[in-house]
Amino acid sequence: MTLDFDQLLDATALRQALAEATGAGVRVAVVDTGVDVTHPDLAGIVDRSIAVTRDYSGWACRDLGPGLAAAQLDPVGHGTACAGIIHELAPAARLVSVRVIGADSNGTGDQFVRGLRWVLSECQPPVQVVNLSLGTTGERFAGPLRELVDKAYWKGLILVAAGNNMGLTAYPANFASLIAVDNEAFNDPWHFDYRRGKPMELAARGTYVRAPKTGGGHQLFTGTSFACPHITAVVARLLSINPTLTPFQVKALLHLLRGNRATAAPPSNAGG
Amino acid sequence: MTDKNGPGDWQQALRDLPAALEASTESSLRLLKDVVALGVQAVGSAEGSVLVPDLDGVHLRFLVAYSPVADKLANVRVPIQGSIAGYVYCTSQMTATGDLAEARAEGKGYSEEVARQAGTVTRTYLALPVLVGDRPRGVTTYINRPGGPPFAPFTPEEMQRARVFAGVVGVLLRHLGQQRGLAAAAMHDLREALGELAPAGAEGGERAPITWLRVLQQLEGLSEDEQGRCVELLELVGRWWQQDRQS
(Lines give C-alpha, C1' and ligand atoms only; values in the text may rest on other atoms or scores of the structure.)
Protein backbone atom coordinates (compact mmCIF):
# COMPACT_ATOMS: atom_id res chain seq x y z
CA MET A 1 0.00 0.00 0.00
CA THR A 2 1.37 3.41 -0.98
CA LEU A 3 -0.10 6.49 0.63
CA ASP A 4 0.88 10.05 -0.10
CA PHE A 5 1.92 12.40 2.67
CA ASP A 6 -1.49 14.04 2.95
CA GLN A 7 -3.16 10.65 3.36
CA LEU A 8 -0.63 9.73 6.03
CA LEU A 9 -1.58 12.81 8.02
CA ASP A 10 -4.73 10.91 8.95
CA ALA A 11 -3.53 9.29 12.18
CA THR A 12 -5.76 6.24 11.81
CA ALA A 13 -4.62 5.56 8.26
CA LEU A 14 -1.01 6.15 9.29
CA ARG A 15 -1.14 3.67 12.16
CA GLN A 16 -2.82 1.06 10.02
CA ALA A 17 -0.31 1.49 7.21
CA LEU A 18 2.55 1.33 9.69
CA ALA A 19 1.21 -1.92 11.12
CA GLU A 20 1.12 -3.48 7.67
CA ALA A 21 4.49 -2.15 6.52
CA THR A 22 7.63 -4.26 6.71
CA GLY A 23 10.40 -1.97 5.52
CA ALA A 24 10.35 -3.60 2.09
CA GLY A 25 12.29 -1.70 -0.54
CA VAL A 26 14.21 0.33 2.02
CA ARG A 27 17.96 0.12 2.62
CA VAL A 28 19.33 1.07 6.02
CA ALA A 29 22.98 1.83 6.77
CA VAL A 30 24.16 0.79 10.20
CA VAL A 31 27.21 2.92 11.00
CA ASP A 32 28.67 1.13 13.98
CA THR A 33 31.08 -1.64 15.04
CA GLY A 34 30.14 -3.92 12.13
CA VAL A 35 27.46 -6.59 11.85
CA ASP A 36 27.92 -10.31 12.43
CA VAL A 37 26.25 -11.59 9.27
CA THR A 38 26.94 -15.18 10.37
CA HIS A 39 24.38 -14.80 13.15
CA PRO A 40 21.25 -16.80 12.23
CA ASP A 41 19.01 -13.81 13.00
CA LEU A 42 20.85 -11.67 10.45
CA ALA A 43 21.53 -14.21 7.73
CA GLY A 44 20.95 -12.82 4.24
CA ILE A 45 19.77 -9.36 5.20
CA VAL A 46 23.05 -7.43 4.91
CA ASP A 47 23.74 -6.39 1.32
CA ARG A 48 27.20 -5.06 1.95
CA SER A 49 29.72 -4.70 4.78
CA ILE A 50 32.47 -2.14 4.63
CA ALA A 51 35.08 -1.04 7.13
CA VAL A 52 36.79 2.32 7.46
CA THR A 53 40.47 1.66 8.00
CA ARG A 54 43.67 3.61 7.98
CA ASP A 55 45.92 3.63 4.96
CA TYR A 56 48.82 5.84 4.04
CA SER A 57 46.59 8.46 2.46
CA GLY A 58 44.26 8.70 5.43
CA TRP A 59 41.01 6.83 6.07
CA ALA A 60 39.83 4.41 3.40
CA CYS A 61 36.65 2.34 3.00
CA ARG A 62 37.12 -1.30 2.03
CA ASP A 63 34.66 -4.12 1.55
CA LEU A 64 34.77 -6.92 4.08
CA GLY A 65 34.98 -10.08 2.04
CA PRO A 66 32.98 -13.25 2.57
CA GLY A 67 34.07 -16.00 4.90
CA LEU A 68 34.99 -13.80 7.86
CA ALA A 69 34.30 -15.12 11.34
CA ALA A 70 31.85 -13.41 13.68
CA ALA A 71 34.56 -11.76 15.76
CA GLN A 72 36.19 -10.40 12.63
CA LEU A 73 32.94 -8.91 11.41
CA ASP A 74 31.91 -7.29 14.69
CA PRO A 75 34.41 -7.75 17.50
CA VAL A 76 32.41 -5.58 19.89
CA GLY A 77 28.86 -6.78 19.26
CA HIS A 78 27.28 -3.33 19.39
CA GLY A 79 26.45 -3.03 15.68
CA THR A 80 25.14 -6.60 15.56
CA ALA A 81 22.68 -5.80 18.33
CA CYS A 82 21.51 -2.62 16.58
CA ALA A 83 21.10 -4.45 13.26
CA GLY A 84 19.13 -7.18 15.03
CA ILE A 85 16.70 -4.67 16.53
CA ILE A 86 16.13 -2.99 13.15
CA HIS A 87 15.59 -6.35 11.45
CA GLU A 88 13.20 -7.55 14.11
CA LEU A 89 10.99 -4.47 13.73
CA ALA A 90 11.37 -3.86 9.99
CA PRO A 91 12.01 -7.41 8.75
CA ALA A 92 12.03 -6.69 5.03
CA ALA A 93 14.47 -3.77 5.16
CA ARG A 94 17.93 -4.46 3.72
CA LEU A 95 21.01 -3.43 5.67
CA VAL A 96 24.44 -2.03 4.82
CA SER A 97 27.05 -2.31 7.55
CA VAL A 98 29.61 0.49 7.84
CA ARG A 99 32.20 -0.31 10.49
CA VAL A 100 33.82 2.75 12.00
CA ILE A 101 34.85 1.18 15.31
CA GLY A 102 36.29 -2.28 15.72
CA ALA A 103 39.03 -4.37 14.21
CA ASP A 104 41.71 -2.47 12.27
CA SER A 105 40.52 0.82 13.62
CA ASN A 106 40.70 2.87 16.77
CA GLY A 107 37.32 4.49 16.82
CA THR A 108 38.25 8.10 16.28
CA GLY A 109 35.86 10.80 15.17
CA ASP A 110 37.78 10.94 11.89
CA GLN A 111 36.73 7.39 11.06
CA PHE A 112 33.17 8.20 11.90
CA VAL A 113 33.18 11.24 9.62
CA ARG A 114 34.74 9.18 6.83
CA GLY A 115 32.17 6.40 7.24
CA LEU A 116 29.26 8.82 7.15
CA ARG A 117 30.72 10.54 4.09
CA TRP A 118 30.89 7.15 2.36
CA VAL A 119 27.23 6.50 3.16
CA LEU A 120 26.20 9.87 1.76
CA SER A 121 28.32 10.03 -1.36
CA GLU A 122 29.72 6.65 -2.30
CA CYS A 123 27.32 3.92 -1.22
CA GLN A 124 25.72 2.23 -4.23
CA PRO A 125 22.88 1.51 -4.45
CA PRO A 126 22.11 4.30 -2.01
CA VAL A 127 20.50 3.86 1.38
CA GLN A 128 17.43 5.76 2.51
CA VAL A 129 17.94 5.60 6.29
CA VAL A 130 21.07 5.71 8.44
CA ASN A 131 21.24 4.36 11.99
CA LEU A 132 23.84 6.22 14.03
CA SER A 133 23.93 4.57 17.44
CA LEU A 134 27.17 6.34 18.17
CA GLY A 135 28.59 9.79 18.27
CA THR A 136 31.45 11.87 19.47
CA THR A 137 31.82 14.56 22.09
CA GLY A 138 34.84 15.99 20.30
CA GLU A 139 34.12 19.60 19.37
CA ARG A 140 36.50 19.45 16.43
CA PHE A 141 34.22 16.97 14.69
CA ALA A 142 31.13 19.14 15.10
CA GLY A 143 31.87 21.17 11.95
CA PRO A 144 32.49 18.27 9.55
CA LEU A 145 29.54 16.33 10.98
CA ARG A 146 27.18 19.29 10.71
CA GLU A 147 28.15 19.65 7.08
CA LEU A 148 27.37 15.99 6.42
CA VAL A 149 24.12 16.03 8.38
CA ASP A 150 22.91 19.06 6.44
CA LYS A 151 23.94 17.41 3.19
CA ALA A 152 21.92 14.33 4.13
CA TYR A 153 18.91 16.49 4.94
CA TRP A 154 18.95 18.18 1.56
CA LYS A 155 19.44 14.84 -0.19
CA GLY A 156 16.37 13.46 1.58
CA LEU A 157 18.35 10.87 3.54
CA ILE A 158 16.95 10.20 7.01
CA LEU A 159 19.52 10.10 9.79
CA VAL A 160 18.55 8.66 13.17
CA ALA A 161 21.10 9.20 15.94
CA ALA A 162 21.46 8.10 19.54
CA GLY A 163 21.80 10.91 22.04
CA ASN A 164 24.51 10.75 24.66
CA ASN A 165 23.36 9.00 27.81
CA MET A 166 25.91 10.70 30.06
CA GLY A 167 24.22 14.06 29.60
CA LEU A 168 26.93 15.36 27.26
CA THR A 169 26.58 17.37 24.11
CA ALA A 170 27.37 14.80 21.44
CA TYR A 171 27.54 14.97 17.68
CA PRO A 172 25.74 14.40 15.44
CA ALA A 173 22.79 13.81 17.80
CA ASN A 174 22.76 17.44 18.84
CA PHE A 175 21.95 18.70 15.32
CA ALA A 176 18.31 19.61 14.81
CA SER A 177 17.92 18.37 11.24
CA LEU A 178 18.29 14.69 12.16
CA ILE A 179 16.20 12.55 14.48
CA ALA A 180 17.87 12.17 17.88
CA VAL A 181 16.71 9.47 20.24
CA ASP A 182 16.86 9.06 24.01
CA ASN A 183 16.43 5.86 26.00
CA GLU A 184 13.40 5.06 28.10
CA ALA A 185 12.62 1.89 29.99
CA PHE A 186 9.53 1.14 27.90
CA ASN A 187 8.48 -2.49 27.60
CA ASP A 188 6.77 -1.96 24.25
CA PRO A 189 9.20 -1.86 21.30
CA TRP A 190 6.75 0.30 19.34
CA HIS A 191 6.26 2.86 22.07
CA PHE A 192 7.99 6.19 21.65
CA ASP A 193 7.34 9.66 22.97
CA TYR A 194 8.02 13.15 21.69
CA ARG A 195 9.94 15.60 23.86
CA ARG A 196 9.25 19.14 22.87
CA GLY A 197 12.24 21.45 23.02
CA LYS A 198 14.82 18.74 23.79
CA PRO A 199 17.78 17.94 21.53
CA MET A 200 16.73 14.30 21.81
CA GLU A 201 13.23 14.81 20.43
CA LEU A 202 12.15 11.20 20.70
CA ALA A 203 12.43 8.67 23.53
CA ALA A 204 12.15 4.99 22.68
CA ARG A 205 12.72 1.63 24.27
CA GLY A 206 16.40 1.14 25.07
CA THR A 207 16.60 -0.61 28.41
CA TYR A 208 17.45 -4.31 28.37
CA VAL A 209 16.48 -4.94 24.82
CA ARG A 210 16.91 -8.53 23.66
CA ALA A 211 19.13 -8.53 20.59
CA PRO A 212 21.56 -10.83 18.78
CA LYS A 213 25.02 -11.25 20.21
CA THR A 214 28.14 -11.58 18.09
CA GLY A 215 28.99 -15.24 17.71
CA GLY A 216 25.46 -16.50 18.30
CA GLY A 217 22.72 -16.32 20.87
CA HIS A 218 21.19 -13.22 22.34
CA GLN A 219 21.90 -10.73 25.07
CA LEU A 220 20.15 -7.85 26.80
CA PHE A 221 21.45 -4.41 25.87
CA THR A 222 20.84 -1.03 27.50
CA GLY A 223 21.60 2.48 26.28
CA THR A 224 20.43 5.16 23.89
CA SER A 225 22.31 3.13 21.26
CA PHE A 226 19.58 0.51 21.43
CA ALA A 227 16.70 2.97 21.54
CA CYS A 228 17.90 4.50 18.27
CA PRO A 229 17.32 1.39 16.08
CA HIS A 230 13.70 1.22 17.28
CA ILE A 231 13.05 4.60 15.64
CA THR A 232 15.18 3.65 12.63
CA ALA A 233 12.88 0.67 12.10
CA VAL A 234 9.78 2.85 12.32
CA VAL A 235 11.32 5.21 9.75
CA ALA A 236 12.12 2.25 7.47
CA ARG A 237 8.49 1.19 7.69
CA LEU A 238 7.30 4.72 6.92
CA LEU A 239 9.55 4.87 3.87
CA SER A 240 8.28 1.51 2.69
CA ILE A 241 4.79 3.03 2.74
CA ASN A 242 6.00 6.09 0.83
CA PRO A 243 9.62 6.18 -0.38
CA THR A 244 9.40 9.86 -1.36
CA LEU A 245 8.97 11.13 2.21
CA THR A 246 11.45 13.87 3.09
CA PRO A 247 13.17 14.17 6.49
CA PHE A 248 10.79 17.03 7.30
CA GLN A 249 7.76 14.87 6.49
CA VAL A 250 9.12 11.89 8.42
CA LYS A 251 9.55 14.09 11.49
CA ALA A 252 5.99 15.30 11.12
CA LEU A 253 4.71 11.71 10.92
CA LEU A 254 6.77 10.64 13.93
CA HIS A 255 5.24 13.53 15.83
CA LEU A 256 1.81 12.32 14.78
CA LEU A 257 2.73 8.82 15.97
CA ARG A 258 4.00 9.96 19.40
CA GLY A 259 2.73 7.76 22.16
CA ASN A 260 2.58 4.92 19.66
CA ARG A 261 1.87 1.48 21.07
CA ALA A 262 2.22 -2.12 19.92
CA THR A 263 -1.40 -2.18 18.78
CA ALA A 264 -0.18 -0.36 15.69
CA ALA A 265 2.03 -3.25 14.68
CA PRO A 266 1.56 -6.99 14.23
CA PRO A 267 2.37 -8.76 17.51
CA SER A 268 4.57 -11.23 15.63
CA ASN A 269 7.04 -8.43 14.95
CA ALA A 270 7.17 -7.14 18.48
CA GLY A 271 10.55 -7.48 20.13
CA GLY A 272 10.86 -9.45 23.35
CA MET B 1 64.94 12.68 58.04
CA THR B 2 66.39 14.02 61.30
CA ASP B 3 70.08 14.65 61.74
CA LYS B 4 70.34 13.10 65.19
CA ASN B 5 72.32 10.06 64.10
CA GLY B 6 75.22 11.86 62.54
CA PRO B 7 76.19 13.52 59.30
CA GLY B 8 75.84 10.37 57.16
CA ASP B 9 72.12 10.02 57.79
CA TRP B 10 71.02 13.31 56.28
CA GLN B 11 72.67 12.28 53.02
CA GLN B 12 70.75 9.02 52.94
CA ALA B 13 67.56 10.83 53.91
CA LEU B 14 67.99 13.17 50.95
CA ARG B 15 68.69 10.23 48.67
CA ASP B 16 65.42 8.69 49.83
CA LEU B 17 63.43 11.80 48.97
CA PRO B 18 62.63 10.87 45.34
CA ALA B 19 61.18 7.53 46.44
CA ALA B 20 59.10 9.27 49.11
CA LEU B 21 57.87 11.72 46.51
CA GLU B 22 56.87 8.89 44.20
CA ALA B 23 55.07 7.08 47.01
CA SER B 24 52.95 10.16 47.68
CA THR B 25 50.79 9.36 44.65
CA GLU B 26 49.91 5.99 46.20
CA SER B 27 47.46 7.63 48.57
CA SER B 28 45.46 8.98 45.62
CA LEU B 29 45.40 5.53 44.05
CA ARG B 30 44.15 4.07 47.33
CA LEU B 31 41.44 6.72 47.43
CA LEU B 32 40.39 5.71 43.92
CA LYS B 33 40.23 2.07 45.01
CA ASP B 34 38.06 3.06 47.97
CA VAL B 35 35.69 4.97 45.69
CA VAL B 36 35.43 1.99 43.32
CA ALA B 37 34.60 -0.26 46.28
CA LEU B 38 31.96 2.24 47.42
CA GLY B 39 30.57 2.36 43.87
CA VAL B 40 30.29 -1.41 43.76
CA GLN B 41 28.25 -1.28 46.94
CA ALA B 42 26.03 1.59 45.79
CA VAL B 43 25.38 0.14 42.34
CA GLY B 44 24.83 -3.35 43.71
CA SER B 45 27.42 -5.17 41.65
CA ALA B 46 29.85 -7.86 42.72
CA GLU B 47 32.91 -6.33 41.12
CA GLY B 48 34.05 -3.02 39.74
CA SER B 49 37.04 -1.48 38.05
CA VAL B 50 38.55 1.56 36.38
CA LEU B 51 40.29 1.05 33.05
CA VAL B 52 42.58 3.61 31.48
CA PRO B 53 44.35 3.72 28.12
CA ASP B 54 47.52 1.66 28.04
CA LEU B 55 50.75 3.23 26.83
CA ASP B 56 50.44 1.35 23.53
CA GLY B 57 47.35 3.43 22.66
CA VAL B 58 45.33 0.44 21.45
CA HIS B 59 44.46 -1.23 24.75
CA LEU B 60 42.83 -0.36 28.03
CA ARG B 61 44.40 -1.63 31.25
CA PHE B 62 42.94 -2.05 34.72
CA LEU B 63 44.16 0.81 36.89
CA VAL B 64 42.21 -0.38 39.92
CA ALA B 65 39.83 -3.26 40.41
CA TYR B 66 37.56 -4.34 43.23
CA SER B 67 37.41 -8.03 42.52
CA PRO B 68 38.53 -11.37 43.91
CA VAL B 69 40.76 -11.62 40.84
CA ALA B 70 42.09 -8.05 40.99
CA ASP B 71 45.70 -9.28 40.87
CA LYS B 72 45.07 -11.18 37.64
CA LEU B 73 43.23 -8.25 36.09
CA ALA B 74 46.30 -6.06 36.61
CA ASN B 75 47.95 -8.05 33.81
CA VAL B 76 44.95 -8.11 31.45
CA ARG B 77 44.83 -5.75 28.50
CA VAL B 78 41.47 -5.01 26.86
CA PRO B 79 41.61 -3.99 23.20
CA ILE B 80 39.97 -0.62 22.52
CA GLN B 81 39.12 -1.91 19.05
CA GLY B 82 37.24 -5.01 20.08
CA SER B 83 35.46 -4.63 23.37
CA ILE B 84 32.41 -2.98 24.88
CA ALA B 85 34.73 -1.09 27.25
CA GLY B 86 36.66 0.17 24.22
CA TYR B 87 33.41 1.18 22.54
CA VAL B 88 32.37 3.10 25.65
CA TYR B 89 35.79 4.76 25.76
CA CYS B 90 35.59 5.80 22.09
CA THR B 91 32.02 7.05 22.06
CA SER B 92 31.52 8.33 25.64
CA GLN B 93 28.32 6.30 25.75
CA MET B 94 27.21 4.28 28.74
CA THR B 95 26.36 0.70 27.78
CA ALA B 96 24.91 -2.17 29.80
CA THR B 97 24.53 -5.79 28.83
CA GLY B 98 22.94 -8.70 30.60
CA ASP B 99 22.66 -12.38 29.98
CA LEU B 100 19.29 -13.78 29.18
CA ALA B 101 17.89 -16.15 31.73
CA GLU B 102 16.67 -18.45 28.94
CA ALA B 103 20.09 -19.39 27.66
CA ARG B 104 23.73 -18.59 28.20
CA ALA B 105 24.98 -17.68 24.77
CA GLU B 106 28.17 -19.21 23.47
CA GLY B 107 30.31 -16.13 23.74
CA LYS B 108 33.18 -15.42 21.42
CA GLY B 109 33.80 -11.79 22.24
CA TYR B 110 36.56 -10.17 24.22
CA SER B 111 34.62 -10.21 27.49
CA GLU B 112 34.80 -13.98 27.35
CA GLU B 113 38.51 -13.74 26.66
CA VAL B 114 39.01 -11.49 29.70
CA ALA B 115 36.91 -13.92 31.71
CA ARG B 116 39.14 -16.79 30.64
CA GLN B 117 42.29 -14.87 31.51
CA ALA B 118 41.03 -13.69 34.86
CA GLY B 119 38.98 -16.75 35.77
CA THR B 120 35.66 -14.94 36.08
CA VAL B 121 32.47 -15.01 34.08
CA THR B 122 30.86 -11.70 33.14
CA ARG B 123 27.10 -12.01 32.96
CA THR B 124 25.78 -8.62 33.91
CA TYR B 125 27.89 -5.70 32.80
CA LEU B 126 27.69 -1.94 33.05
CA ALA B 127 30.36 0.29 31.51
CA LEU B 128 30.49 4.08 31.71
CA PRO B 129 32.95 6.55 30.29
CA VAL B 130 35.14 8.38 32.76
CA LEU B 131 35.29 11.93 31.53
CA VAL B 132 37.44 14.88 32.37
CA GLY B 133 35.54 17.80 30.92
CA ASP B 134 34.11 16.22 27.79
CA ARG B 135 37.19 14.10 27.11
CA PRO B 136 37.17 10.37 27.86
CA ARG B 137 40.03 9.38 30.15
CA GLY B 138 38.95 5.86 30.98
CA VAL B 139 36.07 3.51 31.61
CA THR B 140 34.50 2.39 34.86
CA THR B 141 32.78 -0.99 34.92
CA TYR B 142 30.42 -2.87 37.21
CA ILE B 143 30.17 -6.62 36.86
CA ASN B 144 27.66 -9.23 38.06
CA ARG B 145 25.80 -9.22 41.35
CA PRO B 146 26.69 -10.51 44.79
CA GLY B 147 25.88 -14.21 45.14
CA GLY B 148 25.33 -16.63 42.30
CA PRO B 149 23.66 -16.31 38.92
CA PRO B 150 21.18 -15.62 37.46
CA PHE B 151 21.84 -11.93 38.04
CA ALA B 152 19.17 -9.28 37.67
CA PRO B 153 20.13 -6.55 35.19
CA PHE B 154 21.19 -3.20 36.61
CA THR B 155 18.19 -0.96 37.09
CA PRO B 156 17.93 2.59 35.71
CA GLU B 157 18.31 3.89 39.28
CA GLU B 158 21.51 1.89 39.74
CA MET B 159 22.78 3.21 36.42
CA GLN B 160 22.12 6.74 37.62
CA ARG B 161 24.20 6.05 40.73
CA ALA B 162 26.93 4.65 38.49
CA ARG B 163 26.89 7.94 36.53
CA VAL B 164 27.55 9.86 39.76
CA PHE B 165 30.47 7.57 40.58
CA ALA B 166 31.85 7.92 37.04
CA GLY B 167 31.96 11.68 37.62
CA VAL B 168 33.80 11.23 40.92
CA VAL B 169 36.26 8.78 39.32
CA GLY B 170 36.91 11.38 36.60
CA VAL B 171 37.86 13.96 39.22
CA LEU B 172 40.16 11.50 40.99
CA LEU B 173 41.77 10.35 37.73
CA ARG B 174 42.57 13.92 36.81
CA HIS B 175 43.95 14.55 40.26
CA LEU B 176 46.06 11.39 40.11
CA GLY B 177 47.42 12.31 36.69
CA GLN B 178 48.34 15.80 37.83
CA GLN B 179 49.92 14.44 40.99
CA ARG B 180 51.99 11.92 39.07
CA GLY B 181 53.09 14.56 36.59
CA LEU B 182 54.10 16.94 39.36
CA ALA B 183 55.90 14.16 41.25
CA ALA B 184 57.84 13.15 38.14
CA ALA B 185 58.84 16.74 37.42
CA ALA B 186 59.77 17.35 41.04
CA MET B 187 61.78 14.13 41.09
CA HIS B 188 63.80 15.32 38.15
CA ASP B 189 64.41 18.69 39.77
CA LEU B 190 65.25 17.02 43.05
CA ARG B 191 67.86 14.82 41.43
CA GLU B 192 69.44 17.88 39.89
CA ALA B 193 69.40 19.64 43.25
CA LEU B 194 70.94 16.65 44.97
CA GLY B 195 73.76 16.61 42.43
CA GLU B 196 76.44 14.17 43.46
CA LEU B 197 74.24 12.81 46.24
CA ALA B 198 71.77 11.43 43.71
CA PRO B 199 71.79 7.64 43.41
CA ALA B 200 73.95 6.25 40.63
CA GLY B 201 72.17 6.17 37.27
CA ALA B 202 69.67 8.82 38.28
CA GLU B 203 70.99 11.28 35.73
CA GLY B 204 71.48 10.51 31.99
CA GLY B 205 68.39 9.47 30.05
CA GLU B 206 66.06 11.38 32.33
CA ARG B 207 66.15 14.64 30.46
CA ALA B 208 64.37 13.51 27.33
CA PRO B 209 61.40 11.93 29.12
CA ILE B 210 61.02 14.88 31.45
CA THR B 211 61.00 17.25 28.50
CA TRP B 212 58.21 15.22 26.93
CA LEU B 213 56.38 15.13 30.22
CA ARG B 214 56.39 18.91 30.40
CA VAL B 215 55.28 19.18 26.80
CA LEU B 216 52.39 16.84 27.60
CA GLN B 217 51.47 18.88 30.66
CA GLN B 218 51.41 22.00 28.52
CA LEU B 219 49.26 20.21 25.93
CA GLU B 220 46.79 19.26 28.62
CA GLY B 221 46.31 22.93 29.36
CA LEU B 222 45.33 23.72 25.77
CA SER B 223 41.75 23.97 24.60
CA GLU B 224 40.24 20.96 22.85
CA ASP B 225 40.40 22.72 19.49
CA GLU B 226 44.08 23.47 20.02
CA GLN B 227 44.70 19.88 21.07
CA GLY B 228 42.82 18.72 17.98
CA ARG B 229 45.04 20.79 15.73
CA CYS B 230 48.10 19.28 17.44
CA VAL B 231 46.72 15.79 16.76
CA GLU B 232 46.10 16.68 13.11
CA LEU B 233 49.61 18.06 12.81
CA LEU B 234 51.13 14.93 14.35
CA GLU B 235 49.04 12.70 12.07
CA LEU B 236 50.17 14.70 9.05
CA VAL B 237 53.80 14.35 10.09
CA GLY B 238 53.26 10.64 10.77
CA ARG B 239 51.75 10.05 7.31
CA TRP B 240 54.51 12.06 5.66
CA TRP B 241 57.11 10.04 7.60
CA GLN B 242 55.52 6.73 6.58
CA GLN B 243 55.38 7.77 2.93
CA ASP B 244 58.95 9.00 3.09
CA ARG B 245 60.08 5.65 4.49
CA GLN B 246 58.29 3.79 1.72
CA SER B 247 59.65 5.87 -1.12
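**Salt bridges and helix packing in the predicted model**

Both B:R145 and B:E158 are buried, buried meaning under 20% relative accessible area, exposed over 50% and partly exposed in between (1.4 Å probe, protein chains only). The structure is a predicted model, in which local features need pLDDT of at least 70, side-chain atom pairs count only at pLDDT 80 or more, and totals for chains, interfaces and linings use all residues. Residues are numbered from 1 along each chain as its sequence is written, chains are lettered from A in the order in which they are written, and side-chain values use heavy atoms, with hydrogens and water left out.

B:R145 and B:E158 form a salt bridge, with the closest N and O atoms 2.7 Å apart; a salt bridge is a side-chain nitrogen of Lys or Arg within 4 Å of a carboxyl oxygen of Asp or Glu. B:R145 lies in the loop between β6 (135–143) and α6 (156–194) of chain B and B:E158 in helix α6 of chain B, so the pair ties together parts that are 13 residues apart in sequence. Helices (H or I, at least four residues) and strands (E, at least two) are DSSP runs, numbered from the N terminus. Over all chains, the count comes to 12 salt bridges.

In chain A, the side chains of A:D47 and A:R27 meet in a salt bridge (2.8 Å, N to O). A:D47 belongs to strand β2 (residues 46–55) and A:R27 to strand β1 (residues 27–32), so this pair ties together parts that are 20 residues apart in sequence. A:D47 is partly exposed, at 37% relative accessibility, whereas A:R27 is buried, at 12%. A further salt bridge links A:D110 with A:R140, at 3.6 Å between the closest N and O atoms. Here A:D110 lies in helix α5 (residues 109–121) of chain A and A:R140 in the loop between β5 (129–132) and α6 (142–155) of chain A. A:R140 is partly exposed, at 21% relative accessibility.

Helix packing was examined in chain A. The axes of helix α4 (residues 78–89) and α7 of chain A come within 8 Å and cross at roughly 35 degrees, axes being lines fitted to C-alpha atoms, for helices over the stretch in contact, and angles running from 0 to 180 degrees between N-to-C directions. The contact (heavy atoms within 4.5 Å) includes A:I85 and A:I86 of α4(A) and A:F226 and A:P229 of α7(A).

In helix α2 (residues 11–20) of chain A, the buried residues are A:L14, A:A17, A:L18 and A:A19. Their cover includes α1 (5–8), α7 (224–241) and α8 (247–256) of chain A.
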